[in-house]
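Try each task yourself before reading its solution.

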Amino acid sequence: MQLELLFEAFGKVMFDPINFLFVFIGVTSGIIVGALPGLTATMGVALLIPFTFGLDPVKGLLMLLGLFSGGIYGGSISAILIGIPGTPSAAATVLDGHPLCKKGLAGKAIGMATIASFFGGTVGALIMSFLSPQIAKIALKFGPPEFFALAFFGLGIIITVSGKSILKGLISGVFGLMITTIGFDPLSGCPRLTFNSTELLGGVTFIPALIGLFGYSQVFQGIEKILILPPVKSELKNIIPKFKEIGSVFKTMVKSALMGTFIGAVPGTGCDIAAFVSYGEARRSSKNPEKFGTGILEGVAAPESGNNGATGGAMIPMLTLGVPGDAVTAVLMGALTIHNFQPGPLLFRDHPEVVYPIFAGMILAQFVMLGVGLGGARFFASLINIDRRVMTPIIFLLCVVGSYAMRFSFFDVGVSLIIGIIAYFMNYYGFPGSPILLALILGPMVEQNLRRSLIISHGDPLIFITRPISAAFIFIGIFIIITSYYRIKRAMEKEEKMASVAEKERID
Amino acid sequence: MLKRMGLIFVIVAGLITFTSPDGMAQKFPAKDITLIVPWAAGGGTDTIARALVKNAKNYFGVNVNVVNKTGGMGAVGMGAVATAVPDGYTVGLITFQLSTYRMMGLADLSYRDFGLIQLLNQSPASISVAADSKFKTLKDLMEYAKKNPGVVTAGHSGAGGGWHLALASIAVREGVKFNFVPFDGAAPTRTAVVGGHIAVATTGIDELLQLYRAGQVRILAVNDTKRHWLFPDVPTIAEAGYPNPKIIYDWRGLGAPKGVPADRMQILINGFKKCFDDPEFKKLAHDLGLPLAYRDPKGFEEFLKEMEETLRPALESVGLLKEKK
């Protein structure tokens, strides 16, 4: 690691106002794109690539990196304010962010999300800058059995994001897994459950499903209560969380940032999984798991630190191995290729002039994000004071546009609506949406790698426990499933008992 | 009064019908052209499409804008091109999968549904192993695999894809049985071979450029009739001892919906030829190792016809031929 090269690049990026401007434009547009449901960081980067053609490649990349970081952070804003994740990676933020907003603490929740994102993003960017080659070596050790084990571990999180009933959470999860079996199966080369529809050949597209699960179902609930719910007055003071509040979640932020970076660095797993794993772990290891989901700052800090940690992490395999860490880095890889810097093991040796500015730009983007986020938090929080009768139709419109814009498809608008209706009724009967989403993200990974591993081992399931990394994830996964099951069950019972005591006292 | 209105209507209608095609044809293209890419932004096909039309304004006078319409193994985007309004303003990138949809029973779509514009590239497959593999030559590999049927794991980027079929057809001819391990795309396949999770990988040769230069893979052969300029020491499949008369290439080309007026079609054909000859595009393709292969509409059609004939037995050999006879 040539430290002087990094510092030199840092100086160049930091003190050139034009470079700074590009990072700023990237971050700001990223936050907007991220905050609008249906427009994701992936799409934003893809849309901006043509604009970088005429630019100096480094400046173009700085803008794209800013957009990546800003986009992942921006998703938390709509997650908190309207309960709709702006990007898939903000889905876990909904769980506690939106209840905070309902308590009138939207401003503080956004402040917390900003600080956690900054913290996670900076940790991720620093790890990327200093440990890329070492982490890439670990990533290479991941073969099909390891991917299966990691996805299995990830599915274990379903228990912690199930809300009140673990059974209903599991049913939701299985429903999600079933949806992922629709479409062309790349392993056998056959279509499954497509009913001869070309549109369904690619399966149920992820973003429209996300919009259905969280967007439409929220809108329908909003319509249902549009006239009875009292307006939430959002408190606009004390946006920046107090030092003590940050201190109390500091340990969670550190843990989430590190886990996020690592998960991001595994090819094929991105910010969304990182956020869920971070949230799940924070809840599992918490002394008060029953408080999660009711609107606590720790439940915002964990996923936001985790998903922004994953931004730096996801860059690692893309830069060092030429394998994108997630969907956004896949697009970034295309951008690098088109500027004739082919990512891969030789990029560091052949093009230090682009690698080091990437590191510096990624770090700088975090600071810009912190500034823009905290500066804008009051404004974002005041948006919630807009009349529900105005807001709900606007969100509805955004959902329609968002599901269409992913690939300019009316079919997707329909898919999204149907899933929205199903999700509304599931929600009504207490089936949570997050396990469905988690299953949609992890389903293909768990299924394909299970089958792939068994092809390699000629059907012998021992392959999963004779390889150390795979065995470790399987056992940690089982451990987490068992401990979170008992802890959450006990916490729920405790809460029930307290509720019945309170009830009794009220009657007495 | 009514009569006069009717007369005016007839005249106006006549004017519109008779004058407008001519008037518009002179100006074609009068607005930006849309190029539909059936694969995701940032992927190999998308990169090539964007590079191709980067300087399109110089040749068409208007921009050619890339729109990614993904899904259904490319069938959604290619289907959208085939069914677009044939006014010449919508064209599409068509890719290898178009040669297999009908035979694999995935979609009722083939090159016959398009007005072909040009062939862009035909990329050969490669057979590679990790740098520290015990297989030094293709002969080592094939002989070992012959003695140990079903033992050697061979990763490819998807069942029924060009690379899978390329290796499968060689294996069938040589009486060798590989344990095929399908991955989802080229990137995970090549990582798996470098990481030692599979013994052999079959991918496009250009997809291995970085790993090859970094000395992390050994490419045993390129499935082509001539060596690749960026891989001068990689033998062709014949040089490696396994002559292959019917070579499966991964191809990309351009197509328009059927029924675009002939004069507009000619403008598209000429314009995209100029994009193809653009020095910047040529240089990028050269540096990326992408073997460009221009063919005019007629040559393209012949190429696609031959390709289907080559693919049919290959698909049959891996049990994926579902063509309705």
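This is a predicted model: local features need pLDDT of at least 70, side-chain atom pairs count only at pLDDT 80 or more; totals for chains, interfaces and linings use all residues.

**Exercise 1.** Trace the open sheet of six strands in chain B and find which strands stand at its edges.

*Solution.* Start with the strand order, which reads β2-β1-β3-β10-β4-β11 in chain B, with mixed pairing. Next, look at the two ends: β2 (64–68) and β11 (292–295) of chain B each have a single partner strand, so one side of each is left without a neighbour in the sheet.

**Exercise 2.** Work out in which sense β4 and β10 of chain B pair, and which helix lies across them.

*Solution.* First take β4 (residues 114–123) and β10 (residues 250–257) of chain B: their pairing is antiparallel and runs over eight bridges. For one example, go to Gly115(B), whose bridge partner in β10(B) is Ala256(B).

**Exercise 3.** Decide whether the radius of gyration of chain A agrees with that of a compact globule.

*Solution.* Begin with the make-up of chain A, which has 20 helices and two strands. A compact globule of 508 residues would have a radius of gyration near 23 Å; chain A has 22 Å, so the two agree. Now turn to burial: 60% of the 508 residues of chain A count as buried. Last, consider contacts in chain A between residues at least 6 apart in sequence: 80% of these join residues at least 24 apart.

Technical notes. Residues are numbered from 1 along each chain as its sequence is written. Chains are lettered from A and ligands numbered from 1 in the order in which they are written. Two strands pair if DSSP finds at least two bridges between them. Helices (H or I, at least four residues) and strands (E, at least two) are DSSP runs, numbered from the N terminus. Two residues are in contact if their C-beta atoms, placed from the backbone, lie within 7 Å. Axes are lines fitted to C-alpha atoms, for helices over the stretch in contact, and angles run from 0 to 180 degrees between N-to-C directions. The radius of gyration is taken over C-alpha atoms; the globule rule is 2.2 Å times the number of residues to the power 0.38. A residue is buried if 20 or more other C-beta atoms lie within 10 Å of its own, exposed if 12 or fewer, and partly exposed in between; C-beta atoms are placed from the backbone.
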